[in-house]
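Please keep the sequence and the structure in view while reading.

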Amino acid sequence: MISPRQRCPAARRASLRAHLCFASALMGVLALKTAVASVAHAAPITAQTPVAPVSDTIVSPNSKARANPPMSARPVDAEAMGPEPSAIRRPPNTPIPPSGVPELPSSGFATMDFTPLMPSEDKKSPHQIELDALLPSEGPSGLLPPRLDALRDTDLNDPYYVPTAGAGHLLRAIDPMREWLRKRGFTFSFSYKGEAMGLMSGGLEKGMSYVHELTLQAIFDLQKMAGLNGWSVHTLVMERAGKAIQNGRVGEYYVALQEVYSLSGNVAAHLVDFYAEKKMMQNRLDLIFGRMSLTHVFATSPLLCSFMVTCSAPVGLKQNPAMSVYPKATWGGRLRFRPTRDTAVQVGAYSVSALTDNPSGWSWGAENTTGLSLPIEFTWQPFLTRNRLPGHYVIGYAHDTTRYADKISSVYPKKLADRLPGTRSAPADMMWVEADQMMYRLGGRNMMAGGYLMAGYVHTTPHVANISDQAYGGFSMVGMIPGRITDRFGVLYSWYHVSQRRRLSQELAQEAGLPLGSSIHGIQNNSHIIEAYYGIDAFPGILIQPEFQYMIHPGETHRIPNAVMAGLKLIANL
């Protein structure tokens, strides 16, 4: 910058004139700096002011300004700095629209599997899919320093989803028909998922296993079809076939090592979802009720379901009938709302029946209801630093009123089990703590455009559970290979602990000379699994995902060699 004295050469000859000239120039510089600061404070970067020609910005024009002191007196915060252009620059030919919000159900995105929300019935709502807050203020995020807290009204709340197949569709010829139907209230997706896994060493028997599923999902927007404001109907039908690798080859009966396994039975059309949804109170309350899986919305996330073993929820919860794990559906309902901009609460009530009941999903009258599952879940969702790095911190609890037999009697004949001291039937309680936090942003404004760290812990009543505790931790990253910022690389470690009551029953049975059962190879304690994958967005409509798994102590004993497995997942959008 040119100094004030350089602008006044006469200052060397006239001291008074030099001082006057210097003071005038200094006042001009200060005035210029004040004007620039004022403009910057009054007009932050918005979605209508692109940072770069190919960039998506994140700050919304509807953002609420904070009551802050003048710019000269306060530290630079995330809002004033704005996001880094390189972090929000969208990759070419990305399937994610500029808004970051996919059209539902948008074949190829697992949006509805986790947040079954239709677009808002209120056209003035700042959110397209996510709910608006009951209170306009922040919750826990308000305690963060300004340089960390970047949460605004319309930041990245909507598009928390993970691509489950390649960009676009294989059958591009019917895209005009899809759009015609969508405008009239009907959206659908049809996909194929195949998983081939081979046991390379360890376990019980080397070889390959193959499973697949065909899924048809449809949403009827009753607002467009019949003028019923905020109403929609969701359906999902699938066909699964094959035999998973865990039982016969690895010797594992508690942990499903492939996402597509035989819980739904080998039926031509298994009904998974058939429920209604109603948005109300100007997009502040969401109610769903009907036939659904509890793990659609509780104790799950798109990040978890990018892994085979943990989809659609941690194994420690999937062992319990109270969770009606996907694709097992049950009667129930769930209410969801957001107390503040950065928090969400959901409560539910679901009927409970054995996981093996009604394998087709259609024989509703054949289910033997044993009790009621009552889950509740709280989520804190901050957005950190100038690049709006989202995090999801979840704590949940569920109570099952069903009276379950004590696991200490599980390997005894019933007449003998009834005479065991200390045994009793009891309800089940489950709790879970899960967290994920984006560490860097790359490739756009949506919640999955970046690298995450993740961890969680699950506990279930030991009296009624086979797996009473589970802990996991890992990461999920994009952009590991330059130029491939839509590919995703993930690694997850999981630890599973057999309940003390289950282990004690086996010790007592062994002392009494009783068999432990054909699927149990010794006194069970714990097991560990390391899973890694690399998801390749190969070409329109196709995702190719190589998989690797290493299981320590298969069958939760030390009698089966550690298992090394490798395979391939292929997902196609038709």
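## Nonpolar surface and core

L134, L135 and M281 make a nonpolar surface patch of about 280 Å². Areas come from the Shrake-Rupley method with a 1.4 Å probe. M281 is located in the loop between β4 (270-280) and β5. Its relative accessibility is 46%, so M281 counts as partly exposed; buried means under 20%, exposed over 50%, and partly exposed in between.

The model is predicted: local features need pLDDT of at least 70 and side-chain atom pairs 80 or more, while totals for chains, interfaces and linings use all residues. Residues are numbered from 1 along each chain, and side-chain values use heavy atoms, without hydrogens and water.

A nonpolar core joins buried Ala, Val, Leu, Ile, Met, Phe, Trp, Tyr and Cys residues through side-chain atoms within 4.5 Å. Two cores are listed here.

| Core | Residues in core | Members, among them |
|---|---|---|
| Largest | 21 residues | F298, L317, M323, Y350, M430, W432 |
| Second, separate | 17 residues | I245, L257, I529, M551 |

Strands are DSSP runs (E, at least two residues). Beyond four places in sequence, L317 is in contact (heavy atoms within 4.5 Å) with A299, M323, M430, W432, V458 and T460.

Of the 574 residues of the protein chain, 54% count as buried.

Key
Buried < 20%, exposed > 50% of the residue type's maximum accessible area, 1.4 Å probe, protein only. Patch = residues over 30% accessible without salt bridge, like charges linked within 9 Å, V, L, I, M, F, W, Y side chains within 5 Å. Salt bridge = Lys/Arg side-chain N within 4 Å of Asp/Glu carboxyl O. Helix = DSSP H or I, 4+ residues; strand = E, 2+ residues; numbered from the N terminus.
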